[in-house]
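Let's take a walk through this structure together. Keep the 3D view open and follow along.

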Amino acid sequence: MSGAGTTLLEVRDLHTQFNTLDGVVRAVDGVSFDLARGETLGIVGESGCGKSVTALSILRLIPPETGRIASGSIHFEGHDLATLPEDEMKRLRGHRISMIFQEPMTSLNPVLTVGTQIAENVVRHLDVSWKAARERTFEMLNLVRIADARRRLDEYPHQLSGGMRQRVMIAMALSCDPQVLIADEPTTALDVTIQAQILDLMLELKEKTGTAIVLITHDLGVVAETAERVVVMYAGRKVEEAPVEALFERPLHPYTRGLMAAIPRLDIDAETGGRRPRLQEIPGLVPRLTQPIVGCAFASRCTLATDRCRAEAPPVVDAGSGHTVACWEAR
Amino acid sequence: MNVPRGVLEVTGLVKHFPIHGGLLQRQTGAVRAVDGVSFTIAKGETLGLVGESGCGKSTIGKTVLKLIEPTAGKIVLGGQDITGLKPAAMWPHRKRIQTIFQDPYSSMNPRLPAGTIVGEPLENFGIANGRERDDRVARLFERVGLRPDAMRKYAHEFSGGQRQRLGIAKALSVSPDVIVADEPVSALDVSVQAQVLNLLIDLQEELGLAYLFISHDLAVMRHISHRIAVMYLGRIVEITDKRTLFSTPLHPYTEALLSAATAPDPKRRGKRKAIVQGDVPSPAKPPSGCHFHTRCPYATAECKVTSPPLREVAPGHHVACLLR
């Protein structure tokens with residue numbers, strides 16, 4: 001891996017909005033982060049926190065009928081993806097930046113064989129013949145450890161199991177040696193034993209190819225085991241960012257702390273005297289995103305909240321050693 | 001099995017779904033969703049059923065609720081054999097066994113106010129009407145942590161977690177002995193999941209409810225269950241109290257499940273192992289002998305031909321493996 005540590009992708013003050021019947025939804029409300037070459041960055045948060053919309057914004061897959069990148073920039077290889085013309089974006093997508101989704105069945109074409117779909121992507125982006133593209137596809141299927149790859153080339157997505165389809169998606173995403181792979185809940189729809197296989201595969205391929213990964217998930221376990229750095233999002237904003245060990249050892253934001261205390265643990269025996277312990281709850285609900293949020297988005301659910309929190313949005317500040325947090329109280 | 005008499009006793013439960021094919025739509029095979037399962041749940045106890053997609057855990061839930069008829073086996077609810085009961089005869093027993101679904105929204109009439117939805121079973125079973133029903137529903141709302149004035153709201157006005165509370169209130173309305181909860185927190189965000197799990201535990205301790213808790217999530221299972229049954233392709237491969245299951249798992253599949261689970265602790269990174277390779281075989285064509293032999297790292301020639309019985313290897317600890 002050459003140039004590891006240098007910034008590859010730079011997201012600055014990203015605002016992505018959707019028009020709905022209830023008004024303008026501020027799905028991403030001023031998010032900034034960097035992705036270094038060859039790094040795995042986790043983005044965690046609960047439903048509606050804007051993590052998937054952040055990913056879709058980077059790939060410019062926000063449906064233009066309802067949504068738009070309202071402001072901010074996404075710098076990648078000398079381009080600003082937020083404003084890049086669509087035909088140039090098409091040349092990057094699936095080539096320099098690619099993506100895998102939660103449910104591979106909905107992103108694979110049901111009437112094309114697996115081999116054709118992957119080869120199509122190779123032919124589109126790299127200047128090669130169909131024959132060479134097909135050979136490349138065969139190599140890719142072997143790389144993602146699909147047994148009997150030669151035969152699988154001619155099979156249709158419905159003939160494959162869920163785990164195998166996700167392997168096909170990964171093969172397709174990596175077929176043109178992308179710099180960035182965005183993985184949105186790549187293992188959420190899979191069974192535990194299959195999830196373990198896919199996570200191992202992604203980590204192994206990352207080592208082999210040097211592709212940087214943005215891993216989007218709601219699962220703190222998946223993040224803890226795969227990411228090097230983590231961004232925590234809440235209500236469209238980044239509330240905390242830290243190297244993974246620091247985040248789990250010393251979470252600073254009350255929301256991050258709340259999340260970690262709320263999950264049942266498999267690795268810690270918290271039972272006391274045969275009684276089942278209570279999980280810590282985060283009271284209340286996520287705020288509606290149709291109104292601009294005044295102050296800290298978490299203030300209404302936060303036990304530490306003061307008048308200042310309710311009036312003034314906290315800036316993201318440095319807490320040392322690459323750990324940043326947006327909170328007036330927890331510094 | 002040497003277990004005290006329970007509120008729900010299931011013996012040798014089998015559910016096969018026929019597969020029809022060919023020109024004449026003759027039966028060409030069967031999906032062996034549940035293939036001889038026995039367990040007992042005591043008052044105030046949670047039995048967890050854990051396993052991956054297609055292992056038959058949800059089919060067991062539907063069968064004990066008599067939403068589908070078992071192919072063979074016996075279901076005894078509160079001492080009464082309900083296995084062969086026709087719908088009309090089953091009716092009075094339905095009060096005693098209720099269910100909570102993964103997605104309560106899909107089971108709620110969007111045109112009825114929440115109070116009416118929760119109060120429906122009270123009317124259906126002739127327990128309470130009019131004023132009295134409304135009072136009871138208001139108390140149920142309070143008990144599950146909803147404001148009684150929310151009775152006038154419609155299902156779409158509630159959040160996911162609140163809808164699950166509505167589902168719980170409805171299940172509780174007829175004072176059941178047993179609740180079948182099929183993935184009740186899987187669709188919820190972590191912070192809301194904690195609220196619902198705490199509520200379920202509180203209600204159980206207060207009312208002595210027995211839960212058949214179905215989930216694929218081992219951490220949730222460990223939190224809420226007293227005993228856990230691990231299922232693979234229609235069979236229970238291991239059943240024991242949860243402490244034993246997590247400290248000394250015996251079946252290779254249990255071992256594989258536990259080692260595949262992720263932990264929210266970066267220091268444990270690398271300890272997770274994908275012990276088993278490949279996918280779960282189809283329950284329409286389960287492997288011969290031990291169903292797990294095709295993925296088991298320890299399988300011998302014997303495992304391919306002999307189906308291992310569920311044996312008690314320590315008090316209350318049953319495992320179905322020829323090697324353990």
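**A helix and its neighbours**

Start in chain A with helix α11, residues 254-262, where P254(A), Y255(A), T256(A), G258(A), L259(A) and A262(A) are buried. Buried here means that 20 or more other C-beta atoms, placed from the backbone, lie within 10 Å of a residue's own. Helices are DSSP runs of H or I with at least four residues, strands are runs of E with at least two, and both are numbered from the N terminus.

What you're looking at is a predicted model, where local features need pLDDT of at least 70, side-chain atom pairs count only at pLDDT 80 or more, and totals for chains, interfaces and linings use all residues. Residues are numbered from 1 along each chain as its sequence is written, and chains are lettered from A and ligands numbered from 1 in the order in which they are written.

What do the buried residues of α11(A) pack against? They meet α9, β9, β10 and α10 of chain A, together with α6 of chain B. Contact means C-beta atoms within 7 Å.

Now for the sheet in chain B: four strands, open, in the order β2-β1-β4-β5, with antiparallel pairing. Strands β2 (26-41) and β5 (80-81) of chain B sit at the edges with a single partner strand each, so one side of each has no neighbour in the sheet. Pairing takes at least two DSSP bridges; β1(B) and β2(B) have 12. One to find is F17(B), whose bridge partner in β2(B) is V31(B).

Finally, pick out L212(B), which touches L8(B), I41(B) and V64(B), among others, not counting residues up to four places away in sequence.

Definitions and conventions
A residue is buried if 20 or more other C-beta atoms lie within 10 Å of its own, exposed if 12 or fewer, and partly exposed in between; C-beta atoms are placed from the backbone. Two residues are in contact if their C-beta atoms, placed from the backbone, lie within 7 Å.
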